[in-house]
Amino acid sequence: MDMSDLDNPAQLSAELSQLFPPGAVVAEMSGPVGRSLLTPAEMQFIAHCAGKRIADFAVGRACAHRALRELGITAFSLLSGQQREPLWPQSIVGSITHTTGYAAAVVARQADLRALGIDCEIIHSVDEDLWSRICTTTELERLASLPAEERIRRAALTFAAKEAFYKCQFPLTRAWVGFEDVDIEPARWPASAGAFRIVPRIPLPLEDTTVAGLNCRYLFRETRVLAAVAALQLTMPR
């Protein structure tokens, strides 16, 4: 075990793990972490960036390292690809999210799950000025039918759900999917937690059967909303 793991403040979350199918491990934390928790390769990779970017990177990696340790993986340098996507260890899938003062990461073995996406948004930061950018016309019509406070919560969920879906699908397709390309449909509303569906508005780069079979759940937690998307491993990898 790397000595920095002993100082890692990120904690496993049984509550958030339940948003995903069996096999997923989630770690989360609030507050900043020191750069000393980064491996030398991670620090070299991010050193040229602005302070905020380094801070976000560090807290997300702290969560990822804690979750990976649960799968027996330690002292791994989690770098990023050209689209800033995490480059997970071989045979591992995962996703990271961070907002002001909070971060979480989810990982699983590829034998258990095909892909993962997690996102967290501060509810009241998704203000009305953003709605036309993140919502489709159908979603805007549904927002208009809700009481004012429920509109804010629903818009924040829509944002988080689309971000989580994008993170889940990207490792499988390496393709862009825009906010306007899917609708988010919660199974019931209002609710503090539950499931939602991804409804394509155009042909997506992901197979229809995979989209239809996605495991999609959400959780409202005080000032934040978290969305979780998992693609099931329909066949055993060769």
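Me: How many of the residues in E2 are buried?
Reply: Five of the six, so E2 counts as mostly covered, where buried means under 20% relative accessible area. Keep in mind that this is a predicted model.

Me: Which strand does E2 join through six bridges?
Reply: Strand E4, residues 102-109. E2 covers residues 25-30, and the two run antiparallel. Within that pairing, Val26 stands opposite Val106 of E4.

Me: And how many bridges join E1 to E2?
Reply: Two, and E1 and E2 also run antiparallel. Leu12 has Ala27 in E2 as its bridge partner.

Me: What is the strand order in that sheet?
Reply: E1-E2-E4-E3, an open sheet of four strands with antiparallel pairing. Strand E1 (11-12) and strand E3 (92-99) are at the edges; each has a single partner strand, so one side of each has no neighbour in the sheet.

Me: Which strands does helix H4 lie across?
Reply: H4, residues 51-70, lies across E1, E2, E3 and E4. The angle between H4 and E4 is about 35°.

Me: Switching to the other sheet. What is the order of its five strands?
Reply: E5-E9-E8-E7-E6, again open and with antiparallel pairing. Strand E5 (113-122) and E6 are the edge strands, each pairing on one side only. From one strand to the next, the twist averages 25°.

Me: How many bridges join E6 to E7?
Reply: Five, with the two strands running antiparallel.

Me: What does Ile198 touch?
Reply: Leaving out residues up to four places away in sequence, Ile198 touches Phe165, Val182, Asp183, Ile184, Val211, Leu214 and Cys216.

Me: Which residues touch the most other members of the largest nonpolar core?
Reply: Phe165, Phe196, Ile198, Leu214 and Val229, out of 37 residues in that core. At least two residues each come from helix H5 (128-134), helix H7 (148-173), E6, strand E7 (193-200), strand E8 (215-221) and strand E9 (224-232). H7 gives the most, eleven residues. There is also a second, separate core of 25 residues, which includes Val25, Ala27, Ala64 and Leu71.

Me: Which strands does H7 lie across?
Reply: E5, E6, E7, E8 and E9, and H7 runs at about 150° to E5.

Me: What follows H7?
Reply: Arg174, with a positive phi near 55°.

Me: Now Asp183. Is that residue buried or exposed?
Reply: Asp183 is buried, because its relative accessible area is 7% and the cut-off is under 20%. Asp183 is in strand E6, residues 182-186.

Me: Which side chains make polar contacts with the side chain of Asp183?
Reply: The side chain of Thr136 makes one, at 2.4 Å. The side chain of Arg201 makes another, at 3.2 Å.

Me: What else is Asp183 in contact with?
Reply: Setting aside neighbours within four places in sequence, the contacts of Asp183 include Thr138, Glu139, Arg197, Ile198 and Val199. Thr136 and Arg201 are on that list too.

Me: Last one, Leu19. Where does Leu19 lie?
Reply: In the loop between helix H2 (14-17) and E2. Leu19 is buried, with a relative accessible area of 7%.

Me: What does Leu19 touch?
Reply: Not counting residues up to four places away in sequence, Leu19 touches Asn215, Arg217, Tyr218, Leu219 and Ala228.

Me: How many residues apart along the chain are Leu19 and Cys216?
Reply: 197 residues, while their C-alpha atoms are separated by 7.9 Å.

Notes
Residues are numbered from 1 along each chain as its sequence is written. This is a predicted model: local features need pLDDT of at least 70, side-chain atom pairs count only at pLDDT 80 or more; totals for chains, interfaces and linings use all residues. Side-chain values use heavy atoms; hydrogens and water are left out. Buried means under 20% relative accessible area, exposed over 50%, partly exposed in between (1.4 Å probe, protein chains only). A polar contact is a pair of N or O atoms within 3.5 Å; within protein, one must be able to donate a hydrogen and the other to accept it, and residues adjacent in sequence count only if both atoms are side-chain atoms. Contact means heavy atoms within 4.5 Å. Two strands pair if DSSP finds at least two bridges between them. Axes are lines fitted to C-alpha atoms, for helices over the stretch in contact, and angles run from 0 to 180 degrees between N-to-C directions. A nonpolar core is a set of buried Ala, Val, Leu, Ile, Met, Phe, Trp, Tyr and Cys residues joined through side-chain atoms within 4.5 Å.
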